Amino acid sequence: MSGNIQLLSDTLAGARAEGRAALIAYLPAGFPTVDGGIEAIKAAFDGGADVVEVGLPHSDPVLDGPVIQTADDIALRGGVKIADVMRTVKETYEATGKPVLVMTYWNPIDRYGVERFTAELAEAGGAGCILPDLPVQESALWREHAEKHALATVFVVAPSSKDARLGEITAAGSGFVYAASLMGVTGTRESVGAQAQDLVARTRAAGAGTDLPVCVGLGVSNAAQAAEVAGFADGVIVGSAFVKRMLDAPDDKAGVEGVRALAGELAKGVRRQA
């Protein structure tokens, strides 16, 4: 079975055709349990997310702030394995027919085996991977297998990325580019800031001719911020705010409803660009 990079591309193109940014939600697999995580991801889609990133919980999540680290710790203490991540992708894709990516650091893939990981992700119906700590110059093996299995390779860029580096990444990446709106770790912010708009413009200029969408993450937590980012980016990525709804909920059912409600608010936000 081939992966779903085309579904991802079509979904992002469809949002653009509607004159809006796509809403991309992030939730870790295995949080609060494997089944509970699957229900939360379905709820994010139900609420209006166009794409979901499934986090592969990791013991050293260098990009993730305290909210996601807490969720990862709960998942890891619950015994979550890569097989559970694949099951999460498979069940949410089969239930919704929408693009599901995995966001993971490189070490778990390296230990698991690149061929095995990409083959299983494609078999599960996955659309690709976001790889925040894989340098583009060390990514040839991954990209070879991802391309063979029709999976997107999404690299992360930051405000510190030089223009030449942005050119390398847009040339090597597929699906979309993940633009980190600021230097630092994930988490909600009072303001997403002008740095993000500048980074999107520079990334688009560096990738001129590739037409690779540029989606912004880190800091977006409410409809107003989503509308602001939707005014200049192809996609708005929200993670910590969803996880916080789950963590703050009195029980798992309320957490799932909180995710659905937040997705609805954010979906309205991306449709009313600031």
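Colleague: Which way does α6 pass α7, in a left-handed or a right-handed crossing?

Modeller: This is a predicted model, in which local features need pLDDT of at least 70, side-chain atom pairs count only at pLDDT 80 or more, and totals for chains, interfaces and linings use all residues. Residues are numbered from 1 along each chain as its sequence is written, and side-chain values use heavy atoms, with hydrogens and water left out. As for your question, α6 passes α7 in a right-handed crossing.

Colleague: And at what angle do α6 and α7 pack?

Modeller: Helix α6 (residues 114–123) and helix α7 (residues 140–148) pack at about 30°, with their axes 9 Å apart, and α6 and α7 are therefore roughly parallel to each other (angles under 35 degrees count as such).

Colleague: Which residues make the contact?

Modeller: Taking contact as heavy atoms within 4.5 Å, α6 contributes Val114, Glu115, Phe117 and Thr118, while α7 contributes Leu141, Trp142, His145, Ala146 and Lys148.

Colleague: Switching to α2, how many of its residues are buried?

Modeller: In α2, 10 of the 14 residues are buried, meaning under 20% relative accessible area with a 1.4 Å probe, protein chains only; among them are Val34, Ile38, Ile41 and Phe45.

Colleague: What covers the buried residues of α2?

Modeller: The cover includes the strands β1 (22–28), β2 (51–55) and β3 (100–103), together with the helices α4 (82–96), α11 (240–248) and α12 (252–271).

Colleague: What follows α2?

Modeller: Gly48 follows α2, and the phi of Gly48 is positive, near 135°.

Technical notes. Axes are lines fitted to C-alpha atoms, for helices over the stretch in contact, and angles run from 0 to 180 degrees between N-to-C directions. Helices (H or I, at least four residues) and strands (E, at least two) are DSSP runs, numbered from the N terminus. Angles under 35 degrees count as roughly parallel, over 145 as roughly antiparallel, 65 to 115 as roughly perpendicular and the rest as oblique. A crossing is left-handed if the near helix is turned anticlockwise from the far one by less than a right angle, and right-handed if clockwise. Buried means under 20% relative accessible area, exposed over 50%, partly exposed in between (1.4 Å probe, protein chains only).
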